[in-house]
Amino acid sequence: KNTKKLASHNLQSFSDVGSGERGSGHDDHKVVTGTSWKEYVLFGTGAKNSDADAPLTKGLLRKHVPDAVSLAEQGGGEVIFS
């Protein structure tokens, strides 16, 4: 029961793809029609300035793809869950 509540709460934190809440991808919603598509910014424009939202995932990304994280943090795009 707690897992379902947590999953539901986390999904509410996700934005609609193409909603304009991140720096790029404004037309991404055109890829899929007739269904809901959500995304969550981990690094880059629209990301939270904390690791509390996804500490394990963010740690793994920093360790294994530091260039992608660095690029996003410097304004070169985003690293997202989608």
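Which residue forms a salt bridge with arginine 62, the closest N and O atoms being 3.7 Å apart?

Mentor: That partner is glutamate 73, whose salt bridge with arginine 62 has its closest N and O atoms 3.7 Å apart (a side-chain nitrogen of Lys or Arg within 4 Å of a carboxyl oxygen of Asp or Glu). Arginine 62 belongs to helix 2 and glutamate 73 to helix 3, so this pair ties together parts eleven residues apart in sequence. Helices here are DSSP runs of H or I with at least four residues, strands are runs of E with at least two, and both are numbered from the N terminus.

Do keep in mind that this is a predicted model, in which local features need pLDDT of at least 70 and side-chain atom pairs count only at pLDDT 80 or more, while totals for chains, interfaces and linings use all residues. Residues are numbered from 1 along each chain as its sequence is written, and side-chain values use heavy atoms, with hydrogens and water left out.

Arginine 62 has another partner: it also forms a salt bridge with aspartate 51, where the closest N and O atoms are 2.7 Å apart. Aspartate 51 sits in the loop between strand 2 and helix 2, so this pair too joins parts that are eleven residues apart in sequence. Arginine 62 is partly exposed at 34% relative accessible area, and aspartate 51 is partly exposed at 31%; buried means under 20%, exposed over 50% and partly exposed in between, using a 1.4 Å probe and protein chains only.

The structure holds three salt bridges. One of them joins lysine 58 and aspartate 53, with the closest N and O atoms 2.9 Å apart. Lysine 58 counts as buried, at 1% relative accessibility, whereas aspartate 53 is partly exposed at 29%.

The axes of helix 2 (residues 55-64) and helix 3 come within 5 Å and cross at roughly 105 degrees; axes are lines fitted to C-alpha atoms, for helices over the stretch in contact, with angles from 0 to 180 degrees between N-to-C directions. Helix 2 and helix 3 are therefore roughly perpendicular (65 to 115 degrees; under 35 is roughly parallel, over 145 roughly antiparallel and the rest oblique). Leu61, Arg62, Lys63 and His64 of helix 2 meet Pro66, Val69 and Glu73 of helix 3, contact meaning heavy atoms within 4.5 Å. Those residues divide into three nonpolar, one polar and three charged.

Leucine 61 leads us from this contact into the core. Beyond its neighbours within four places in sequence, leucine 61 touches Leu42, Phe43, Pro66, Val69 and Val79. The largest nonpolar core has eight residues: Tyr40, Leu42, Phe43, Ala54, Leu61, Val69, Ala72 and Val79. Such a core is a set of buried Ala, Val, Leu, Ile, Met, Phe, Trp, Tyr and Cys residues joined through side-chain atoms within 4.5 Å. Strand 2 (38-44) and helix 3 (66-73) each supply at least two residues of the core, and the largest share, three residues, comes from strand 2.

Notes. Ala, Val, Leu, Ile, Met, Phe, Trp, Tyr, Cys and Pro count as nonpolar, Asp, Glu, Lys and Arg as charged, and the others, Gly among them, as polar.
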